[in-house]
Amino acid sequence: MSLDLDAPAPEAPDCAADGAWLACIECGATFAPFEDVRYTCDDCDGLLEVRYADPPTFDGFGAGADTEGPERGVWRYREALPFDLGVTLPEGDTPLHEVPRLEADVGVDALRIKHEGMNPTGSFKDRGMTVGVRVAEELGVGALACASTGNTSAALAAYGGRAGLETLVLLPEGKVAAGKIAQASLHGARILEVDGNFDSCLDIVQELAARGEAYLLNSLNPFRLEGQKTIGFEILEAFHADYGTYPDRIVLPVGNAGNTAAIYKAFRELVQAGALDPTDVPKITGVQAEGAAPMVEAVEAGNDEVRRWEEVETRATAIRIGNPVNAPKALPGIRNTGGTAVAVSDDEITAAQRDLAHEGVGVEPASAASVAGLRTLRREGVVDDEEQVVCLTTGHLLKDPDAAYAAGGDPEPVANDVDAVLDLLADE
Ligand code: F0G
C-alpha cells in the first residue's frame, strides 16, 4: 500500500514538475501539480497527496538545502516542500516546552509540549496556509475559501489578506470561539454563519469550490498538509537535540485529521529517504472529545472506514467535527506507527487546560485534549512510565477567551482602598 511506512520512494511520473506531483492515495493516478485546480482524484474521487522524487533527509534542512532561505520555521524545510518560500508572516519554529510538574504528575519518562498556539495567528493552521496561499498564487486564483471551526478561518483571512486575495469563510453559527471570529473579521474575510455544523459548512464550501467560486483551503487541499508536515520535522529535530533520541509517542487532538495525516507523511518521507529508521517513528496517538469521536470509534472497532456522526457536541469547539475528511490518510498513520486513538470528556479537557496553564502554557480547549488523552492512556496502562512523549497543543489560550475565563477563577471585587485590599488578603 502506498501509505505503508516502508513503501519505496516513488518514481516520478511524466507529469511531475520540479520533481513534485499529485497522486491519488486510493487508485494511484498521478496529476501535474499546478496545471489545474484539483482537490481529489479525477478518476475515483480519492484523496490526493503531494509526492516527491527526492524525499527529504535531515541534512537537507536549513543551510543544508540546495537553495538559500530561512534557517528557522516552515521554510527551513523547503527541500520537503513544493516551493522554496511562500507568503510568510513567518510561521513555525514553535517552542517544545518542558513541563516538569505535569511530567511527574502524569508519570512518564519525558513529557514535552509542542505549542502550536505560538504561530502568528495562534494556531498550527498558519503552517498550512503559508504553503496553500503560495499554491493559490501559482494557480492564479482570485479568491480563497474555507469552512472552519475558527482557526482555519483566522489563518486564511490573515494569509489571504497578506497576498491581496479575497477570502470567504463559512462558520457554524454560534459554535466558533470569539477570538477566532474577531481575527477572521479584522483580517478582512467575508464571514458567513451557517445554520449547521462544521461538516455541513465543508459540504457547502466544497460545492462552491467545485463550481469555481473560490480556491478551497481546507485540509482536503493536499498542499495545506505539506506545510503542516513541518510540525513532524520540527518535533524530531528539537527532541533529538535535547535527548539524543526521538520521542516514543506524539499525542494530538483530532478533528478533520489533517494534522494526523501530515505528521505521518513527514515520518514516511524521512523513512523513504533512509533518514529515519522505521523503528524510531513515534506512535501517532489521536485524541477526540467524547461528543465528537468518529475516529476513535473506527480505531477501537478496527474499521477501515469512519462513520459520519451527524450530531456532535463538545466544549472544545475547534474539534467539534463528525466527518473527518482526512481519515483515509490518518487511519494508516495511527495503525502503521503502533499508535491509537482515545476519547476524553469535556471536564477532562478543562482539567488539562488548567494543568498546562499552571505551568505557564496557555492553550485553547481542543489543544488540552492531547494532555487529557495522555492521562487517560496512562491510567489505562496503554502508555507506560518509561515512555517519552510529545503532546501537541494546537491553539492559543486567547483564541477562546470565554472558555479560558470559565476554566479559571473569578476576579474578586474590592473597594478602592489599601486596608480593604489587606483585609481581603488576610481572609484567605
Ligand atoms: N486543534 C485546533 C485548535 C484546531 O483548530 C483543529 C482544527 C484541530 C485541533 C484539529 O486538527 O483537523 O487537523 O485534525 N480546526 C479546523 C478549523 C477544523 O477549521 O480551524 P485536524
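**Ligand site and overall fold**

A polar backbone atom of Gly258 lies 3.1 Å from an oxygen atom of the ligand, a polar contact being a pair of N or O atoms within 3.5 Å. The model is predicted: local features need pLDDT of at least 70, side-chain atom pairs count only at pLDDT 80 or more, and totals for chains, interfaces and linings use all residues. Residues are numbered from 1 along each chain as its sequence is written, and side-chain values use heavy atoms, with hydrogens and water left out.

An N or O atom in the side chain of Ser148 is 2.7 Å from a ligand oxygen atom. For Asn151, a polar side-chain atom is 2.8 Å from an oxygen atom of the ligand. The protein covers 99% of the 470 Å² of accessible area that the ligand has on its own (Shrake-Rupley method, 1.4 Å probe).

The shell around the ligand holds 21 residues, each with a heavy atom within 4 Å of the ligand. Ser148, Thr152, Gly255, Asn256 and Thr394 come nearest. By class, 8 shell residues are nonpolar, 11 polar and 2 charged, with Gly counted as polar. Helix H3 (151–162) and helix H8 (258–272) are the elements that give two or more residues to this shell.

The chain contains 14 helices and 13 strands, taken as DSSP runs (H or I, at least four residues; E, at least two). Its C-alpha trace spans about 80 × 50 × 45 Å along the principal axes.

Key: A polar contact is a pair of N or O atoms within 3.5 Å; within protein, one must be able to donate a hydrogen and the other to accept it, and residues adjacent in sequence count only if both atoms are side-chain atoms.
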